[in-house]
Amino acid sequence: MRIHKNLVLLLLVFVFSGSFVKADEEIEVNVTLSTEATTTTTTEAPKIPCVGKGKVCVEPNQCQKGFVDGNSLTRSYNYTKECNATHVCCEVKPFDPKNADKCAIRNLNTFPQGPLPLNANFAEFPWQAMILRESTKSLLCGGIIIKKNFVLTAGDCVAGIKTIDILTKGGEWKLGSDKEGKDFQLVRLKSISLHPEFNFTKVAHNLAILHLERDYKFDQHIQQLCLDETDTPPTEYDYCVTTGWGQEALKIHKRDAIEYFTNVTILSQQNCTNDAGKKSFNPDVNICGRTSANACNFDFGSALACQTRKDSQEFVLKGIYTHNTGCFEPTKYGYKQPTLVFRPLPINANFAEFPWQAMILKESTKSLLCGGIIISKNLVLTSGDCVQGQKAIDVLTKGGEWKLGSDEEGIDYEIVRLNKISFHPYYSVGEVAYNLALLHTERDYPFNLHIQPLCLDETFTEPGPAEICVTTGWGKEALALHLKDAIEHFTTLSALDNETCPIKDFDPDYAICAYSQLDACQLDFGSALACQDPRDPQKYVLKGVYTQNNGCNSRYPTLLFTKLDIEWIKNAINKPRRG
């Protein structure tokens with residue numbers, strides 16, 4: 001430090017008191033030395049080229065074997081042509097065809113990308129469908145692909161239109177464009193099933209299932225949105241979205257219109273009632289949410305899709321967009337935002353909705369065996385396999401049950417003992433044909449709102465694909481564990497013919513094959529195949545008894561129902577009871 005001070009003093013002296021030329025030379029030399037001692041040369045690190053479709057700059061640990069998961073990046077990742085030296089150029093992992101049949105996920109970084117914040121990227125929401133009317137070349141509404149051959153939409157969208165006049169379109173993104181890289185698919189309908197309680201004048205039950213003439217070929221841009229089998233309504237803490245092209249784009253088939261999406265903030269029932277009004281919102285069957293975008297940028301019939309867990313791109317179907325509080329842009333000042341109303345897809349029955357449903361119990365083990373069907377005051381029909389090997393004295397029937405282990409119903413269930421069990425004369429263990437048993441009760445059921453018989457179908461006609469049919473039950477797990485608070489399930493069914501039924505050895509002479517929206521093991525063997533009576537849509541008739549399926553967790557849940565022997569059953573009903 002002392003040497004440095006002396007050097008500085010020396011230079012100062014030279015400047016002010018020495019010979020001008022000599023001092024100047026010394027200063028020049030010393031300044032040059034000083035500059036060399038304090039200045040460091042900086043060289044800009046070279047950039048790494050990163051050009052090409054799907055090429056991105058990422059941290060080295062994100063790039064595995066040359067690929068990065070697109071969903072690990074922020075949505076619509078900023079693609080640059082050069083990477084900093086600390087990054088590597090990596091390719092977004094292409095879609096694996098093995099995942100085509102799995103539940104759809106949201107794809108955050110696919111190509112092409114939407115140019116605006118509200119625009120979806122191509123294939124970002126692969127469950128989105130479009131419903132078209134062929135005769136008028138018009139776009140009707142949105143839809144949701146829920147299986148390869150089923151699309152769900154709003155009942156209002158298709159009611160009153162002939163099946164032959166409707167098409168579904170999967171894989172669309174930019175209207176009138178062929179620049180997506182993967183083609184859309186157009187599929188005709190086989191039939192339309194409106195919800196049994198659909199009514200144009202009511203907001204409830206605004207649902208329709210479109211049965212397709214052929215399967216969609218699943219790919220990255222066309223996949224099924226899985227149902228929410230927890231049947232729990234979304235809350236304000238859930239991340240949910242809805243989609244579509246918008247009212248104007250559908251009306252005029254607006255060329256180059258790109259699919260929109262918006263986040264939906266779920267509201268409480270009270271806020272929904274305040275926003276939408278009592279006529280437009282029914283808290284028993286609707287949920288609603290606000291969006292920061294114009295409600296008419298999205299399509300009726302589209303999904304309310306919600307994340308299964310935080311930061312996951314796995315979504316499940318929570319509802320169907322059916323109406324809103326009007327088309328307007330949210331105000332820049334104040335709180336006013338559009339409210340969208342959705343109809344959840346129910347799997348839980350209401351109390352007393354299916355009053356013929358019975359439960360079969362084994363008293364000695366306190367176990368729940370299967371479902372059953374009340375067909376008269378003292379007869380319950382079930383599958384032969386359910387009670388095979390059981391003694392009548394050890395079997396109980398329970399009518400009027402709804403929520404296991406609960407007394408919320410308001411009307412008590414009834415437990416009735418048996419006199420005897422009658423198996424069909426041709427019953428054979430494990431066979432679908434004649435897999436029937438009649439349980440003769442010790443006393444009559446006292447009929448009430450929640451306990452009533454299901455009438456037999458004496459027309460001897462099989463259900464067609466357009467016929468509305470249901471089956472019910474609490475499910476395999478609930479019966480095995482006597483799961484407290486488990487609520488009775490139901491599902492609508494679609495009859496399948498001999499060619500389309502995937503179960504081997506299906507014999508249409510003895511059984512009815514049907515596709516279920518709900519997993520086969522969420523329902524109970526011994527329960528009814530109940531179909532709307534064409535003479536009176538408010539009534540159902542018994543067509544068969546649920547006896548077999550193609551396994552739990554099947555991607556194509558298929559149930560077999562044993563056909564009825566009407567004469568055998570009628571003889572039992574008309575035969576006087578002994579004792």
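Student: How much of the chain is buried?
Tutor: Buried residues are 50% of the 579 in the chain, where buried means under 20% relative accessible area, exposed over 50% and partly exposed in between, with a 1.4 Å probe and protein chains only. This is a predicted model, in which local features need pLDDT of at least 70, side-chain atom pairs count only at pLDDT 80 or more, and totals for chains, interfaces and linings use all residues. Side-chain values use heavy atoms, with hydrogens and water left out, and residues are numbered from 1 along each chain as its sequence is written.

Student: OK, and how many helices and strands?
Tutor: The chain has eight helices and 30 strands. Those are DSSP runs numbered from the N terminus: helices are H or I with at least four residues, strands are E with at least two.

Student: What share of the contacts joins residues at least 24 apart?
Tutor: It's 69%, counted among contacts between residues at least 6 apart in sequence. A contact means heavy atoms within 4.5 Å.

Student: Switching to aromatics. How many pairs are there?
Tutor: There are 17 aromatic pairs. Rings of Phe, Tyr and Trp (its six-membered ring) pair if their centres lie within 6.5 Å; planes under 30 degrees apart count as stacked, over 60 as edge-to-face and the rest as tilted.

Student: Why is Phe354 with Trp356 edge-to-face?
Tutor: Their planes sit at 65°, so that pair is edge-to-face, with ring centres 5.6 Å apart. Phe354 counts as buried because its relative accessibility is 8%, and Trp356 counts as buried because it is at 8%.

Student: And what about Tyr546 and Phe561?
Tutor: Those ring planes are at 40°, so the pair is tilted, and the centres are 5.5 Å apart. Tyr546 is in strand β29 (residues 536-549) and Phe561 in strand β30 (residues 558-563), so the pair ties together parts 15 residues apart in sequence. Tyr546 is buried at 0% relative accessibility, and Phe561 is buried at 0% as well.

Student: Which residues form the aromatic cluster?
Tutor: One cluster is formed by Phe125, Trp127, Tyr239, Phe261 and Phe315. Arg106 lies over the face of Phe261, 5.0 Å from the ring centre. Elsewhere, Lys377 lies over the face of Phe447, at 5.7 Å from the ring centre. A charge sits over a ring if NZ of Lys or CZ of Arg is within 6 Å of the ring centre and within 35 degrees of the ring normal.

Student: Now the largest nonpolar core. Which residues have the most contacts inside it?
Tutor: Trp127, Ile144, Leu225 and Leu317, in a core of 29 residues. A nonpolar core is a set of buried Ala, Val, Leu, Ile, Met, Phe, Trp, Tyr and Cys residues joined through side-chain atoms within 4.5 Å. At least two core residues come from each of β7 (138-147), β8 (150-153), β15 (303-307), β16 (315-324) and β27 (511-516).

Student: Where does this core lie?
Tutor: It lies between domain 2 (128-343) and domain 3 (357-567), because both give residues to it. Those bounds come from an automatic or database domain assignment.

Student: What does Ile144 contact?
Tutor: Leaving aside neighbours within four places in sequence, its contacts include Trp127, Phe150, Leu225, Leu317 and Ile320. Apart from this core lies another, of 24 residues, among them Leu438, Leu454, Leu564 and Trp568.

Student: Last one: Glu259, buried or exposed?
Tutor: Glu259 counts as buried because its relative accessibility is 2%. Glu259 sits in the loop between α4 (247-252) and β13 (260-266). Not counting residues up to four places away in sequence, Glu259 touches residues including Phe125, Gln128, Glu172, Trp173 and Trp245.
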